[in-house]
Amino acid sequence: GESVGLHLPTLSVQEGDNSIINCAYSNSASDYFIWYKQESGKGPQFIIDIRSNMDKRQGQRVTVLLNKTVKHLSLQIAATQPGDSAVYFCAVAGTDSWGKLQFGAGTQVVVTP
Amino acid sequence: DGGITQSPKYLFRKEGQNVTLSCEQNLNHDAMYWYRQDPGQGLRLIYYSQIVNDFQKGDIAEGYSVSREKKESFPLTVTSAQKNPTAFYLCASSNRDRGLDAQHFGDGTRLSIL
């Protein structure tokens, strides 16, 4: 099965700084990786995804890095804003588990002025 | 706008009672999912359905039941056999045409015990 973990339960970051959220996974067959943002009382919101044939993908103010050698995934948020305060989850799926995602426990990002 | 609608937003259950949570999507997605989220934890898969009239158990299916009679709808029943039903329940859907694809979520139903 898949074990997904995050390195820090809470990340405090100053407004305007860059944030880095990390995620480790255990199954080397994992093929697809997603980052979600969840605000209080709401469902997870898709941020960015990456497939195993890539090691970097960029979106608007966000970058996902994938290191398959050490089974590590990270989300970088540039110029963090107060609206970025939320819980961030990584989710992982493998080719042997169609459509099924394994979620990490989440990292709470707190943006301070 | 296309999206996933969950209702009600808050639900209370009495002891011995079954309750049904609604999930409707207008994204034309084939696959739908139900997750449970407990405080400070990640999402755990209850049931999923890849196509109409078909569904499979997830990691924590005991005490829950589902149906998939229409593509747009995937209701979840929390039965009296579920002894610890208090949680935040999330429904999601995804497009299977691309194989593995991102799941899109509704805004959840919070279930509590009276």
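Colleague: Where does Lys71(A) lie?

Modeller: This is a predicted model, to begin with. Lys71(A) is in the loop that runs between strand E7 (62-67) and strand E8 (72-77) of chain A.

Colleague: And what is its phi, positive or negative?

Modeller: Lys71(A) has a positive phi, about 55°, although the residue is not a glycine.

Colleague: Over to chain B. Which residues does a cis peptide bond join there?

Modeller: Ser7(B) and Pro8(B), with omega at about -5°. Pro8(B) belongs to the loop between E1 and strand E2 (10-13) of chain B.

Colleague: What is the strand order in the open sheet of chain B?

Modeller: The order is E1-E3-E8-E7 in chain B, four strands with antiparallel pairing.

Colleague: Which strands stand at the edges?

Modeller: Strand E1 (4-7) and strand E7 (64-66) of chain B. Each has a single partner strand, so one side of each has no neighbour in the sheet. From one strand to the next, the twist averages 20°.

Colleague: What holds paired strands together in general?

Modeller: Strands of a sheet pair through backbone hydrogen bonds, in either a parallel or an antiparallel sense.

Colleague: Back to E7(B). How many bridges does it have with strand E8 of chain B?

Modeller: Three bridges, in the antiparallel sense, link E7(B) to strand E8 (residues 76-78) of chain B.

Colleague: Which residue stands opposite Ser65(B)?

Modeller: Thr77(B), in E8(B), stands opposite Ser65(B).

Colleague: New topic, the interface. How many residues of each chain are in contact?

Modeller: 23 residues of chain A are in contact with 25 residues of chain B.

Colleague: How much area is buried between the two chains?

Modeller: About 1900 Å² is buried between chain A and chain B, and carbon and sulfur atoms give 58% of that.

Colleague: How many salt bridges across it?

Modeller: Zero, by the rule used, between chain A and chain B. As for polar contacts, the count between chain A and chain B is four residue pairs, both residues at pLDDT 80 or more.

Colleague: Which elements give two or more residues to chain A's side?

Modeller: On the side of chain A that touches chain B, they are strand E4 (30-38), strand E5 (45-51), strand E9 (86-94) and strand E10 (102-103) of chain A. E4(A) gives the most to that side, with five residues.

Colleague: And how do the residues on that side divide by type?

Modeller: The side of chain A that touches chain B has 11 nonpolar, eight polar and four charged residues.

Conventions:
Residues are numbered from 1 along each chain as its sequence is written. Chains are lettered from A and ligands numbered from 1 in the order in which they are written. This is a predicted model: local features need pLDDT of at least 70, side-chain atom pairs count only at pLDDT 80 or more; totals for chains, interfaces and linings use all residues. Side-chain values use heavy atoms; hydrogens and water are left out. Contact means heavy atoms within 4.5 Å. Buried area is the accessible area (1.4 Å probe) that two parts lose on being put together, summed over both. A salt bridge is a side-chain nitrogen of Lys or Arg within 4 Å of a carboxyl oxygen of Asp or Glu. A polar contact is a pair of N or O atoms within 3.5 Å; within protein, one must be able to donate a hydrogen and the other to accept it, and residues adjacent in sequence count only if both atoms are side-chain atoms. Ala, Val, Leu, Ile, Met, Phe, Trp, Tyr, Cys and Pro count as nonpolar, Asp, Glu, Lys and Arg as charged, and the others, Gly among them, as polar. Two strands pair if DSSP finds at least two bridges between them. Axes are lines fitted to C-alpha atoms, for helices over the stretch in contact, and angles run from 0 to 180 degrees between N-to-C directions.
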